[in-house]
Amino acid sequence: MHRSGATMAWNVFKFCTALRGLGSIMILLVLGVVGVSYYSVVLTNFGPALYDGGLDSLTAVVVLILFHCLLVMLLWSYFSVVLTDPGSIPANWRPALDEERGEADPLNGSEFNVNPSNQRIRYCRKCNQLKPPRCHHCSVCGRCVLKMDHHCVWVVNCVGALNYKYFLLFLFYTFLETSLVTLALLPHFIAFFSDVEIPGTPGTLATTFLSFVLNLAFALSVLGFLIMHISLVAANTTTIEAYEKKTTPKWRYDLGRKKNFEQVFGTDKRYWFIPAYSDEDLRRMPALQGLEYPSKPDFDSQEF
């Protein structure tokens, strides 16, 4: 059955609107998992264990300190992704160089005129504006995003140049936190299938069981996602670019693992594990602003 372009466009719009609504629910879901985990770890199991004395108290102290430290970093990273603009094209932005041919063939003033058929510049037909390198249009947000990786419903935001580091830290701390909770509650989970009498009310026991299952599931799923993004950072590419270039053996922005890592996390080691950048890095590294990216001279003719 044939469908008109107008109908298809309307369906896509409905889908994008649904994603935006789903994102708000996802934030509540994340906070719900955090709440369940907090209740089972702190209030039900290891908080009361502080008063038991001996090894149990020492174990409880260690678990509670790690749990709260990781929780603070997880929530800090999470809301940094949610609240940080991923990167928008500045008003009246114009490319200084030919993106297809590199510095050897700079653009002249006449080519700055908006012309979608001009192959020497990247142009978004939906936003009716020029696009910087590595910029893509997000149908959910309805705008172009600098160095867009993907639109994430879990954070109700696009993941792009200005919040990609925060997103990676969110994955990292989520994996550590969920792994800690899983290991901490593992003895309690095993006890459910033994003949030993387990202290607690049916409600607290059910919460402990649910918390273990949820954290185990999140730890395994986030681990796979984290490994994928580590490989993308190592190659200095994004999810969209990895899909677009597919069989391209070499990538113009791949400057080596160390420099690739610094283009996402900066050069100041003190800031690598927190969702922030040093003023010095922001000043001297254009890649962190999402508009300019150093590339290999030998690959300036490579499309992107």
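The following questions and answers concern side-chain interactions and packing in a predicted model.

The model is predicted, with local features requiring pLDDT of at least 70 and side-chain atom pairs counted only at pLDDT 80 or more, while totals for chains, interfaces and linings use all residues. Residues are numbered from 1 along each chain as its sequence is written, and side-chain values use heavy atoms, with hydrogens and water left out.

Me: How many salt bridges does the structure hold?
Reply: Side chains of opposite charge can pair when their charged atoms come close. The rule applied here asks for a side-chain nitrogen of Lys or Arg within 4 Å of a carboxyl oxygen of Asp or Glu. By this rule, the number of salt bridges is 7.

Me: How many residues apart are D85 and R143, whose pair links distant parts of the chain?
Reply: The side chains of D85 and R143 form a salt bridge with an N to O distance of 3.4 Å. D85 belongs to the loop between α2 (54–83) and β1 (123–124), and R143 to strand β4 (residues 143–145); helices (H or I, at least four residues) and strands (E, at least two) are DSSP runs, numbered from the N terminus. The separation of D85 and R143 is 58 residues.

Me: In the salt bridge of D268 and R270, which N to O distance is found?
Reply: D268 is buried at 16% relative accessibility, where buried means under 20% relative accessible area, exposed over 50% and partly exposed in between (1.4 Å probe, protein chains only). R270, at 65%, counts as exposed. The side chains of D268 and R270 meet at an N to O distance of 2.8 Å.

Me: Which residues are linked with E280 in a network of salt bridges?
Reply: E280 pairs with R284, their closest N and O atoms being 3.8 Å apart. Both lie in helix α7 (residues 279–284), 4 residues apart, about one turn of the helix. E280 is partly exposed at 40% relative accessibility, as is R284 at 48%. The network joins E280 to D281, R283 and R284.

Me: How many aromatic pairs are found in the whole structure?
Reply: A pair of aromatic rings is described by the distance of the centres and the angle of the planes. Rings of Phe, Tyr and Trp (its six-membered ring) pair if their centres lie within 6.5 Å; planes under 30 degrees apart count as stacked, over 60 as edge-to-face and the rest as tilted. The search of the whole structure gives a count of 16.

Me: What is the centre-to-centre distance in the aromatic pair of F189 and F193?
Reply: F189 is buried at 19% relative accessible area, whereas F193 is exposed at 61%. Ring pairs link both into a cluster with F192, F209 and F212. F189 and F193 are edge-to-face, with 70° between the planes and a centre-to-centre distance of 5.2 Å.

Me: Where does W272, the partner of F261, lie?
Reply: F261 and W272 are edge-to-face, at 4.9 Å centre to centre and 80° between the planes. F261 lies in helix α6 (residues 257–265), so its pairing with W272 ties together parts that are 11 residues apart in sequence. W272 lies in the loop between α6 and α7.

Me: Which residue lies over the face of Y277?
Reply: A charge sits over a ring if NZ of Lys or CZ of Arg is within 6 Å of the ring centre and within 35 degrees of the ring normal. R134 lies over the face of Y253, at 4.5 Å from the ring centre. Over the face of Y277, at 4.5 Å from the ring centre, lies K165.

Me: How many disulfides does the structure contain?
Reply: A disulfide is a pair of cysteine sulfur atoms within 2.5 Å. The sulfur of C141 is 3.3 Å from the closest cysteine sulfur, in C158, and is therefore too far for a bond. For C144, the nearest cysteine sulfur is that of C124, 3.4 Å away. The number of disulfides is 0.
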